[in-house]
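This report describes a two-chain structure in running text. The sequence and the model are shown first, and the description follows.

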Amino acid sequence: MLSPVNVSLESLNLMTLAPMIIPIVGALLILIIDIFKGGLDKTLYVMISILFLLLDFIALLNAGGVFAKDGIMLGVFDVMLIDGLAILSQYIIVGASIFFIALALSKKIFHEYSYPEFFALFLFMISGFQFMVASDNLILIFVGLETASLALYTLIALHNRDKSFEAAVKYFTMGALAAGLYSFGSMVFYALTGSIEINQIATVLAANEYADIGYVLVAVVFMLASFGFKLSLVPFHTWTPDVYEGSSAAMAGYMSIVPKIAAFVVAMRLFEFLIHSNVVWLEVVLYAMVVITMTAANIWALVQSDVKRMLAYSSISHAGFVMAAILIGTTQSNSALFLYWILFSFTNLGSFTMLWMSRQKELPGYQKSDHSFEKFSGMIKTSPIAAVVMAIFMLSLAGLPPFALFWGKIYMISSAVTGGYTVLALIMALNSAIAGYYYIKLIVFMFMKEPVVDSNGEVYVGNATTATKAIVGFSLIGTIFAFVALNPILEFVTTYVYNSGY
Amino acid sequence: MLDHILSILIFFPMVAGIFGFMVHKDSMRAYGVAVGVIEFSLSLWLWFAFDNNVSGMQFMEHLPLVPAFGINYILGVDGISLFIIILAAFFTMIGIASLPDTKDVKNMIITLLFLQMTMIGVFAALDAIVFYVFWELSLVPMLYIIGAWGGPRRIYASIKFFLYTFTGSLVMLVGMLFMAYFFYQATGTWSFAILDWYRLILPESFQLWLFAAFFVGFAIKVPMFPFHTWLPYAHGQAPTIGSVILAAILLKMGTYAFIRFSLPLFPDASVYFMYPIAIIAIIMIIYTAMVAYAQKDVKQVVAYSSVSHMGVIVLGTFALNVEGISGSVFLMLAHGVVSGALFLLVGVIYERRHTKMMDQFGGLAKVMPRYATIFGLMMMASVGMPLTINFVGEFLSLLGFYQQSHILTLLAGIAIIVGAIYMLAAYKKMFFGEVTIEENRNLPDVNKRELLALIPLAMITIWLGIYPKPVLGPINNSAEAVVQLMHNKATSEEAKLRIPNVSGVVISKTSMKEGH
């Protein structure tokens with residue numbers, strides 16, 4: 001005879017779910033609207049999505065306030081974990097999503113935006129990422145990850161080009177492999193410790209002093225490979241450039257920011273305690289992975305002939321750079337990760353929006369791909385302002401002061417210095433020098449070459465609307481004047497990371 | 001207004017540059033000249049208000065930027081940086097005024113104004129990160145100037161220039177972050193303020209590594225042998241204005257940074273590395289002088305001679321005494337004036353003939369007497385004739401190093417003779433003899449616009465050659481302060497011995513006057 005389980009509603013702390021529920025409600029609402037009246041314009045759905053994301057953001061601000069007051073919150077049978085990492089990363093996820101969904105307000109008509117399902121899937125995806133970062137339960141992380149990933153595969157495929165299908169299938173296959181590796185890794189952890197909660201796993205492993213180190217390593221290998229796919233770390237990166245090329249610039253920019261921060265947070269939760277447990281082997285592997293990811297991606301980026309593929313390799317390299325924070329594993333490095341990613345979001349939002357604004361439906365003869373370097377030849381002559389703006393985003397990505405990413409970069413390198421990773425700091429610095437070349441390459445095309453054909457610069461703003469221009473303006477201000485807001489952001493991030501125990 | 005004069009000096013050109021987008025391109029040159037004149041007047045006002053008897057920093061500004069990480073917007077000038085700032089303002093002014101007719105002149109002038117902001121920022125910054133910001137930012141306008149207005153291989157040259165310096169400065173950045181971390185360990189607070197760092201005494205082993213990290217950044221900028229290969233390329237491809245600014249101001253950033261960072265922060269390491277650096281400097285002086293002799297292109301001659309003289313500056317800096325350091329600072333100014341003028345002169349003939357090959361000339365003295373006169377004067381100055389500006393600096397630099405090593409100074413002195421050989425040879429090829437090429441027969445002499453730039457430079461060359469005191473006095477004061485600081489901070493016996501104690505000895509002002 002089973003006795004009834006009594007759980008008081010208060011102990012569930014359902015408010016922890018609020019930020020994730022809001023986009024789900026929004027997605028359902030969009031689907032319901034479509035049932036009642038089809039054929040509505042995309043602007044409606046964009047605005048509804050933005051409204052719900054704003055609500056989501058407010059809910060997060062609220063959660064942030066509670067966290068600042070009461071510290072870490074647990075909820076729903078302790079499956080939900082609302083700590084500083086969760087809140088910070090959700091800020092980035094939701095904040096970036098608001099801007100990227102607004103990119104749907106393009107001048108040209110694209111296939112995917114005629115489906116309300118696109119926007120519903122987008123919101124489901126966000127909720128998936130939010131679940132992923134707000135838990136230390138390996139199963140819930142898995143559920144969040146898969147919800148988000150499956151939605152993302154579909155969003156890419158909806159772009160309705162041959163290359164998009166290829167990209168979606170490629171991403172799906174790699175994602176499925178990563179999911180398999182992830183579940184296998186979790187299984188080994190469960191077998192070892194009898195728990196699927198990361199902090200429990202850490203406690204149990206510490207208690208028996210890593211007696212079964214062989215099995216731990218097996219589990220770590222699987223996990224590392226799985227996150228390698230999600231974070232596009234070399235050698236698991238092969239899908240990235242193809243997927244970026246196949247998806248629209250708006251979606252590619254989104255993929256370079258949001259899924260990665262979610263994966264970084266999980267990686268931070270999982271690998272941090274393993275690194276600190278003095279499992280030397282893991283440190284060596286991560287070290288090698290970070291260095292190879294940064295360097296190899298930079299070298300591949302040198303030979304790209306398409307700006308979007310170049311940016312794909314650049315984002316791989318940036319991911320490697322940021323992964324160093326998890327390797328270093330100090331409070332400063334973890335704060336640097338968030339600082340870097342916030343600044344990176346601004347810059348990448350801007351640069352991908354610039355690409356998106358110049359999207360053509362039919363390619364002229366001299367252009368082999370959507371955003372080949374030749375397309376930007378002599379841009380300073382035909383549309384000087386756009387060229388200067390694009391150049392500023394490239395300089396920021398190259399880490400030139402005083403633009404946004406420079407500050408992220410010095411804080412990250414400084415955390416390597418203080419963490420005792422001198423050689424790593426030097427490698428990170430020298431990699432920025434290699435990266436300088438391919439960002440400068442675009443500037444060379446824009447500023448120093450003659451235009452390929454006589455054009456009036458129409459092509460660079462062919463897909464622009466007031467909304468997209470406003471987004472570029474916003475990210476431009478964020479990129480140039482980052483140093484003004486730096487101190488509050490840094491203090492805020494450091495407090496949150498420190499109070500979460502990282 | 002004087003409280004913020006440095007900020008005004010830095011950001012006025014930038015704001016003017018942004019407004020410049022609105023100016024019609026036909027009126028752009030006048031606008032550029034006007035901004036240049038205002039900026040130069042402001043810099044003269046700074047000199048006027050500058051207290052010559054104070055050796056420390058003046059006109060300090062302080063604004064917290066990222067206090068959590070110790071980054072503050074700190075500015076200040078002393079005798080060392082004051083004149084380089086004035087020189088930067090001066091060269092931008094005459095550079096814009098003498099700009100020949102170029103395509104996209106509007107973009108060029110806006111770029112020059114932005115470049116001016118970064119140049120003055122570098123010399124006024126007293127926070128390592130602010131310094132680094134301007135230091136790096138100066139690469140971008142120069143990249144554009146070389147890459148957009150340069151010769152046939154301009155893109156290669158501009159990228160080479162950018163990547164070389166970018167790589168070096170990133171290594172320097174790691175050094176700066178280490179320095180800030182050591183400061184944090186010692187005091188518990190982050191700080192990138194240079195004056196704070198001056199108070200920190202580091203163990204010698206740390207000093208050696210940090211010195212090396214900073215050295216990479218500075219040496220590439222100077223550029224020191226064997227990192228100099230980017231410079232002749234950049235000069236060869238750059239338009240005249242690019243070469244002028246590069247030689248007159250941008251290269252000085254490296255040597256200035258040695259005095260601002262390397263010497264006072266790492267006195268023991270400076271002594272430790274004194275001989276290796278002196279040997280590099282002497283190789284640089286002699287080798288590039290010999291290379292200059294082998295050039296057929298007159299601009300390359302000037303470019304290599306410019307590298308050669310930078311070697312003397314480095315040598316003077318690493319004499320580690322007052323004569324050497326004030327001599328090297330003075331030589332920085334002298335080198336700026338003289339090599340800037342020489343590049344302008346090469347530009348003058350290039351405008352007329354569209355070639356820089358010396359065998360295309362000959363007998364120009366008959367055709368262009370005024371041009372030949374000014375060229376001759378500048379050439380004499382470059383060689384280091386007494387009563388010209390270069391002589392004072394070179395003499396003091398070598399005098400300073402003579403106290404450290406007689407033989408090395410002698411070797412460096414030989415280089416001046418080699419300098420005379422290649423310069424005189426170049427002058428002979430271009431100006432003397434008969435006019436052999438028909439096209440040269442009717443070349444117009446220097447016009448008013450060019451004279452506007454050249455006459456003031458010629459006047460400065462002679463004025464400061466005869467009477468250097470107004471400039472040398474403040475420089476000397478600040479150099480004394482640097483040497484004293486180094487002496488006080490030095491920990492090893494060797495360093496205490498090598499770096500003189502200034503306050504103990506009354507510096508004889510007469511030794512300064514031996515210059516003329």
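In this predicted model, six bridges join β1(B) to β2(B), and the two strands run antiparallel. Strands pair if DSSP finds at least two bridges between them; helices (H or I, at least four residues) and strands (E, at least two) are DSSP runs, numbered from the N terminus. Q58(B) has V77(B) as its bridge partner in β2(B). Four residues lie between the strands of this hairpin, where G70(B) takes a positive phi near 75°. Because five of the seven residues of β2(B) (residues 71-77) are buried, this strand is largely enclosed by the rest of the structure. A residue is buried if 20 or more other C-beta atoms lie within 10 Å of its own, exposed if 12 or fewer, and partly exposed in between, with C-beta atoms placed from the backbone.

Residues are numbered from 1 along each chain as its sequence is written, while chains are lettered from A and ligands numbered from 1 in the order in which they are written. Because the model is predicted, local features need pLDDT of at least 70 and side-chain atom pairs count only at pLDDT 80 or more, whereas totals for chains, interfaces and linings use all residues.

The two chains are set out below.

| Property | Chain A | Chain B |
|---|---|---|
| Helices and strands | 20 helices, two strands | 23 helices, two strands |
| Buried residues | 59% of 502 residues | 61% of 516 residues |
| C-alpha extent along principal axes | roughly 80 × 60 × 40 Å | about 70 × 55 × 40 Å |

Helix α10(B) (residues 230-237) is largely enclosed by the rest of the structure, because six of its eight residues are buried. The buried residues are L231(B), P232(B), Y233(B), A234(B), H235(B) and Q237(B). Their cover includes α6 (139-149), α7 (154-187), α11 (240-265) and α14 (298-317) of chain B.

Between the chains, 26 residues of chain B are in contact with 27 residues of chain A; contact requires C-beta atoms, placed from the backbone, within 7 Å. On the chain B side, β1 (58-66), α5 (128-137), α6 and α7 each give two or more residues, and α7(B) gives the most, with 13 residues.

The largest nonpolar core has 412 residues, and A324(A), M446(A) and I85(B) have the most contacts inside it. Such a core is a set of buried Ala, Val, Leu, Ile, Met, Phe, Trp, Tyr and Cys residues joined through C-beta atoms within 7 Å. Helix α11 (residues 249-276) of chain A gives the most to this core, with 19 residues. A324(A) touches V290(A), M412(A), A416(A), L424(A) and M428(A), not counting residues up to four places away in sequence.

As to confidence, the model scores ipTM 0.91 and pTM 0.92. The mean pLDDT (the predictor's confidence in each residue, from 0 to 100) of chain B is 88, and 97% of its residues reach 70 or more. Over residues 505-516 of chain B, pLDDT stays under 50.

Note on methods
Two residues are in contact if their C-beta atoms, placed from the backbone, lie within 7 Å.
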